[in-house]
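Please open the model in your viewer and keep the selection tool at hand. The stops below are meant to be taken in order.

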Amino acid sequence: MGYVYSGLWFLIAILLFVRFRGEGKVVYVLSGYFVIMGIWWLINQMVQIDLMSGVYGWVFRGISALMLVVLVVTYIYDRKIRISESDETSDAGEDM
């Protein structure tokens, strides 16, 4: 069953990268995270060590928490840039 999860993570990463890449930088970060998830689940199925429990489980949770923080920061940064660009565009339109 882990192979199915691994395949789904890779499929989601490819879908995000191909279909939604114009939405912002957060899509690239999220796509990279899903590639890491796919690799992690695939390795978990291929080796005898359980990578979802013990120390490896905490490493997995730490990577997920770090990616969540990076995604939130990237989203806020992109949003500020888009808001400032839209403000500049609306200000330029009022001057004419």
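What follows is a short tour, one selection at a time.

This is a predicted model, in which local features need pLDDT of at least 70, side-chain atom pairs count only at pLDDT 80 or more, and totals for chains, interfaces and linings use all residues. Residues are numbered from 1 along each chain as its sequence is written, and side-chain values use heavy atoms, with hydrogens and water left out.

Start by selecting residues 25-46, which form helix 2; helices are DSSP runs of H or I with at least four residues, numbered from the N terminus. Helix 2 has 22 residues and spans 32 Å from its first C-alpha to its last. Its buried residues include Ser-31, Gly-38 and Asn-44, where buried means under 20% relative accessible area (1.4 Å probe, protein chains only).

Next, select Ala-13, Leu-16, Val-27, Tyr-33, Phe-34, Met-37, Trp-40, Trp-41, Leu-51, Phe-60 and Met-67, the largest nonpolar core. Such a core is a set of buried Ala, Val, Leu, Ile, Met, Phe, Trp, Tyr and Cys residues joined through side-chain atoms within 4.5 Å. Helix 1, helix 2 and helix 3 (54-95) each give two or more residues to this core, and helix 2 gives the most, with 6 residues.

Now pick Phe-60, one of the core residues. Not counting residues up to four places away in sequence, Phe-60 touches Met-37, Trp-40, Trp-41 and Met-52; contact means heavy atoms within 4.5 Å.

Finally, go to Ser-6 in helix 1. Is Ser-6 buried or exposed? Ser-6 is buried, with a relative accessible area of 2%. Leaving out residues up to four places away in sequence, Ser-6 touches Gly-38, Trp-41 and Leu-42.

Technical notes:
The expected span of a helix is 1.5 Å times one less than its number of residues. Buried means under 20% relative accessible area, exposed over 50%, partly exposed in between (1.4 Å probe, protein chains only).
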